[in-house]
Amino acid sequence: MNLLMSQRLVPTLCPNCKTKAADNSVIKDAVLKSDHSEHLLKISTFNEKGCKSCNYTGNAGRKLVYEFIVIDEKARMFIEKQDLTGWAKYLRTMKWRSMQDRVWEMIKEGVVCPEQADERIGDVIYDTNLNYDYEKGFV
């Protein structure tokens with residue numbers, strides 16, 4: 001094996017009826033807790049009612065989000081040792097970008113809704129590595 005690859009299609013927001021994430025308290029709170037809080041005012045969210053332009057869906061189409069990992073000798077060493085934490089750190093030093101990294105570029109441009117991206121990719125605004133408290137949300 002020389003390459004690992006993963007891909008998803010995420011909905012794009014209708015440019016005519018998308019709304020600001022700052023107006024949605026759930027998404028606003030999630031973004032403020034993320035590493036991307038400084039971009040809150042640029043982030044848009046999907047309008048459930050939609051408009052005539054998007055056929056009342058709130059979405060205008062879909063975009064591909066992908067990630068790939070080249071399996072080189074260093075990667076084989078991490079796999080053999082079952083050192084996933086070390087491998088993840090190594091990948092970051094090699095400028096590897098995850099699907100979450102790539103979709104955040106689209107979110108910051110106001111093209112993709114963070115909540116819809118999270119539903120399709122995971123760990124975008126809700127970190128599933130955290131514990132979930134049914135009164136407080138993710139903690």
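**Contacts and cores in a predicted chain**

User: OK. What is the chain built from?
Analyst: Five helices and six strands. Along the sequence they run β-β-α-β-β-α-α-α-α-β-β.

User: How much of the chain is buried?
Analyst: Buried residues account for 39% of the 139 residues.

User: Which residues touch the most other members of the largest nonpolar core?
Analyst: That core has 20 residues, and the ones touching the most other members are Val65, Val103, Trp104, Ile107, Val112, Ile121 and Val124.

User: And which elements give two or more residues to it?
Analyst: Those are β1 (3-13), α1 (25-33), α4 (99-108) and α5 (114-121). The largest share comes from α4, with five residues.

User: Why would nonpolar side chains sit together like that?
Analyst: In soluble globular proteins, nonpolar side chains tend to be buried together.

User: Take Val112. What is it in contact with, leaving aside neighbours within four places in sequence?
Analyst: Val112 is in contact with Val10, Pro11, Leu13, Ser44, Val103, Met106, Ile107 and Ala117.

User: What other core lies apart from the largest one?
Analyst: Another core of eight residues, including Ile71, Ala75, Trp87 and Tyr90.

Note on methods: Residues are numbered from 1 along each chain as its sequence is written. This is a predicted model: local features need pLDDT of at least 70, side-chain atom pairs count only at pLDDT 80 or more; totals for chains, interfaces and linings use all residues. Side-chain values use heavy atoms; hydrogens and water are left out. Helices (H or I, at least four residues) and strands (E, at least two) are DSSP runs, numbered from the N terminus. Buried means under 20% relative accessible area, exposed over 50%, partly exposed in between (1.4 Å probe, protein chains only). A nonpolar core is a set of buried Ala, Val, Leu, Ile, Met, Phe, Trp, Tyr and Cys residues joined through side-chain atoms within 4.5 Å. Contact means heavy atoms within 4.5 Å.
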